[in-house]
Amino acid sequence: MLFFQQPNGKFIRSVQPALDKDSTYEEVDAAFADVNNDRFPDLLVASGGNEFYGNSEFMNSRVYLNDGKGNFTRKENAIDRSIQLNASCIKPGDVNGDGFTDLFIGGRSVPWAYGQIPRSYLLLNDGTGKFKDVTGNYNSALPKIGIVTNAAWCDLDKDGLKDLVISLEWGGIVAFKNNRTGFEKKMITDKLGWWNNVFPVDIDGDGDPDLLAGNLGENNRLKASRENPVKLYFNDFDDNGKKEQLLTYFLAGKEITFANKDELTKQLPYLKKKFLYAGDFAKASLEDIFGKKKLDESEKSVANYFSNAILVNNGNWNFTVKALPWQAQLSSYRDVAVVNANNDALPDLLLAGNFYPNNIQMGMYDADYGTLLVNEGKGNFRCANINGPVIKGEVRHILPVTIKGSSTLLLVKNNDSARVIKFR
């Protein structure tokens, strides 16, 4: 939906037939950018979801052109229909410095095959709002960089070119240094997590962007370290032609399955005969249960760091990872906004997140009601509660918006209404 702000600060929904026509699509991200250089912002929409798979038009991202009066029409074949993916984000930026808006579209997962690496895309604009796939031309690692949760364009090395930084699930924070005609891959951190987002902000005032990265947090059953990582095995364990996901973690130095015996046997019935008694199953190693050959042949993903963190830019592509205070580890964070909480020159940060649809063993991640990080300088923060409204729900985005000349924040929630807040 598109809402226009009125002089009194109220928002009225605009009737947009082109958007209503495409309401079957599952929207996951959107952005405004002028793709045809007519000075009017156009609408870019990324779609996805796990309901669609294979050759489905509902896995296409789309471009809607603005006529200058706030009326949007879909530009057919702006993005080739063969580019189909369950997207996580769509991020506009001028990659090659030609003055035209290009796109990065991140691949979130392969529908019905979680654990397989999805395809991501870098698309160059021909100047009219039509985009060409050049992903592999810029860096051969970019198309299959990993399970992308979010991305941002920012000049990490102050050379005047926007670099691409990506957060990964079952991976690190990765950047691609922009050389105008190509990308050079840079590992911002080798700490492998379930990173949800990456947000550039200069926290220490030295002129180069640092990165705040939301992760799983530390308030959960799963604990991960380099010595005892959380792992995902992806393989056809029962030879029925369909691959299964096997999540494991370490307990007292032993790698065990996250799913219990009953859950595993529902998916893999052959285990019922192999282990008649729960006691025998509990004593068995992973190799005893699944076989060394199956485990070795599996596609493997690893996570060894779950803390929400700030990555301080030391220059020359060197970053220091600093875990946020414990009060900012109580939930899984999805987005962040820069705020001014105490009227000093240092940027403060408002975090929001939560995630409800976990299974019963994990429980809901619902411990965050809006966490304020007050910047104390030199990359250090202290946590403070918001003095005012309690922010409940699964916040997916925090977006700054000016209402009647006043700076406010729009909180967009999953399965809930949006909310607007502002500082007194």
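What is the strand order in the open sheet of four strands? The order is β3-β4-β5-β6, and the pairing is antiparallel. Strands here are DSSP runs of E, at least two residues long, numbered from the N terminus. Two strands pair if DSSP finds at least two bridges between them.

Quick caveats. This is a predicted model, where local features need pLDDT of at least 70 and side-chain atom pairs count only at pLDDT 80 or more, while totals for chains, interfaces and linings use all residues. Residues are numbered from 1 along each chain as its sequence is written, and side-chain values use heavy atoms, without hydrogens or water.

Strand β5, residues 62–66, pairs with β6 over three bridges, antiparallel. Tyr64 sits opposite Arg74 in β6.

Now the interior. A nonpolar core is a set of buried Ala, Val, Leu, Ile, Met, Phe, Trp, Tyr and Cys residues joined through side-chain atoms within 4.5 Å. Buried means under 20% relative accessible area, with a 1.4 Å probe and protein chains only. The largest such core has 18 residues. Among those touching the most other members are Phe104, Leu122, Leu164 and Phe176. The largest share, five residues, comes from β12.

Look at Phe176. Beyond its neighbours within four places in sequence, its contacts (heavy atoms within 4.5 Å) include Leu142, Ile145, Phe183 and Lys185.

Last point. A second, separate core has 17 residues, including Ile90, Leu103, Ile105 and Tyr121.

Methods:
Buried < 20%, exposed > 50% of the residue type's maximum accessible area, 1.4 Å probe, protein only.
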